[in-house]
Amino acid sequence: MSENEVKDPRIDGIKTKIRVVPDFPKKGIMFQDITTLLLDPKAFKDTIDLFVEKYRDMNISVVAGIEARGFIFGSPIALAIGAKFVPLRKPKKLPGQIIFEEYELEYGSDRLEMHVEAVDFSDRALVVDDLIATGGTLCAAMDLLKRVGAEVVECACVVELPELKGRERLEGKPLYVLVEYR
């Protein structure tokens with residue numbers, strides 16, 4: 001959300017439903033747990049509704065959800081805006097021909113894979129995940145989509161940890177987040 005936008009009152013309700021778990025998955029990490037948000041049907045619906053309201057008229061043809069929590073938010077967004085949903089998976093979860101990107105996390109490294117035929121050069125893509133920290137996962141997702149010729153329109157996350165400067169790694173690509181934790 002930009003400084004000039006009026007804050008939607010639903011955002012405060014969403015923020016109160018996200019649990020912060022210290023020292024998970026390792027010491028020093030303050031884990032933003034969205035599973036508590038999912039337990040509240042109103043807050044979960046408000047989250048999806050805010051994204052749908054933003055993207056409904058942007059001619060998005062594919063929503064790429066990052067495993068696993070990006071699936072939770074990306075699938076209903078894709079259905080609501082009339083786009084196909086493409087799962088970006090962890091290694092060795094997809095049969096058939098895949099492409100992949102390796103990337104660094106704030107606490108290790110990982111890899112994303114995508115079916116080659118899932119996206120093509122005419123697609124306008126939205127990348128969805130639950131959280132942006134260092135930006136490595138979103139960058140890997142964007143790189144996968146660009147390699148098959150898709151236009152990445154924007155990235156969307158429920159939570160941003162701005163002190164980790166992930167937004168700066170997105171090469172100027174717009175990022176929409178609902179909640180910031182400092």
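The model is predicted: local features need pLDDT of at least 70, side-chain atom pairs count only at pLDDT 80 or more, and totals for chains, interfaces and linings use all residues. Residues are numbered from 1 along each chain as its sequence is written, and side-chain values use heavy atoms, with hydrogens and water left out.

The secondary structure of the chain consists of five helices and nine strands. Helices (H or I, at least four residues) and strands (E, at least two) are DSSP runs, numbered from the N terminus. In sequence order, the elements give the pattern α-β-β-α-α-β-α-β-β-β-β-α-β-β. The C-alpha trace spans about 40 × 40 × 30 Å along its principal axes. For 182 residues, a compact globule would have a radius of gyration near 16 Å, and the value of 16 Å for the chain therefore agrees. This radius is taken over C-alpha atoms, and the globule rule is 2.2 Å times the number of residues to the power 0.38.

Of the 182 residues, 47% are buried. Here buried means under 20% relative accessible area, exposed means over 50%, and partly exposed lies in between (1.4 Å probe, protein chains only). Contact means heavy atoms within 4.5 Å. Among the contacts with a separation of 6 or more, 59% are between residues 24 or more positions apart.

The helix pair H3 and H4 comes next. The axes of H3 (residues 41-55) and H4 (residues 69-81) come within 9 Å and cross at roughly 50°. H3 is therefore oblique to H4. Axes are lines fitted to C-alpha atoms, for helices over the stretch in contact, and angles run from 0 to 180 degrees between N-to-C directions. Angles under 35 degrees count as roughly parallel, over 145 as roughly antiparallel, 65 to 115 as roughly perpendicular and the rest as oblique. The crossing of H3 and H4 is right-handed; a crossing has this hand if the near helix is turned clockwise from the far one by less than a right angle, and is left-handed if anticlockwise.

On the H3 side, Phe-44, Thr-47, Ile-48, Phe-51, Val-52 and Tyr-55 take part in the contact, and they meet Ile-72, Phe-73, Pro-76, Ile-77, Ala-80 and Ile-81 of H4. These residues divide into 11 nonpolar, one polar and no charged. In this division, Ala, Val, Leu, Ile, Met, Phe, Trp, Tyr, Cys and Pro count as nonpolar, Asp, Glu, Lys and Arg as charged, and the others, Gly among them, as polar.

Several loops hold backbone features of note. Between strand E1 (19-22) and strand E2 (30-33) lies the loop that contains Pro-25, and a cis peptide bond with omega of about 0° joins Phe-24 to Pro-25. Asp-23 is also placed in the loop between E1 and E2. Although not a glycine, Asp-23 has a positive phi of about 60°, and its relative accessibility of 42% makes it partly exposed.

Asn-59, in the loop between H3 and E3, is likewise not a glycine and has a positive phi of about 55°. With a relative accessible area of 62%, Asn-59 is exposed. In the loop between strand E3 (62-66) and H4 is Ala-68, which is joined to Glu-67 by a cis peptide bond with omega of about -10°.

Leu-37 lies in helix H2 (residues 35-38) and counts as buried because its relative accessibility is 0%. Beyond four places in sequence, Leu-37 touches Ile-14, Lys-17, Ile-18, Ala-43, Phe-44, Thr-47, Phe-73 and Val-158. Phe-44 and Thr-47 of H3 and Phe-73 of H4 also belong to the helix contact described above.

Ala-83 occupies the loop between H4 and strand E4 (84-88) and is buried at 15% relative accessibility. Its contacts, leaving aside neighbours within four places in sequence, are Ile-60, Ser-61, Val-62, Val-63 and Ala-78. Thr-137, in helix H5 (residues 136-147), is buried with a relative accessible area of 14%. With neighbours within four places again left aside, Thr-137 is in contact with Ile-66, Tyr-103, Leu-105, Leu-112 and Asp-129.
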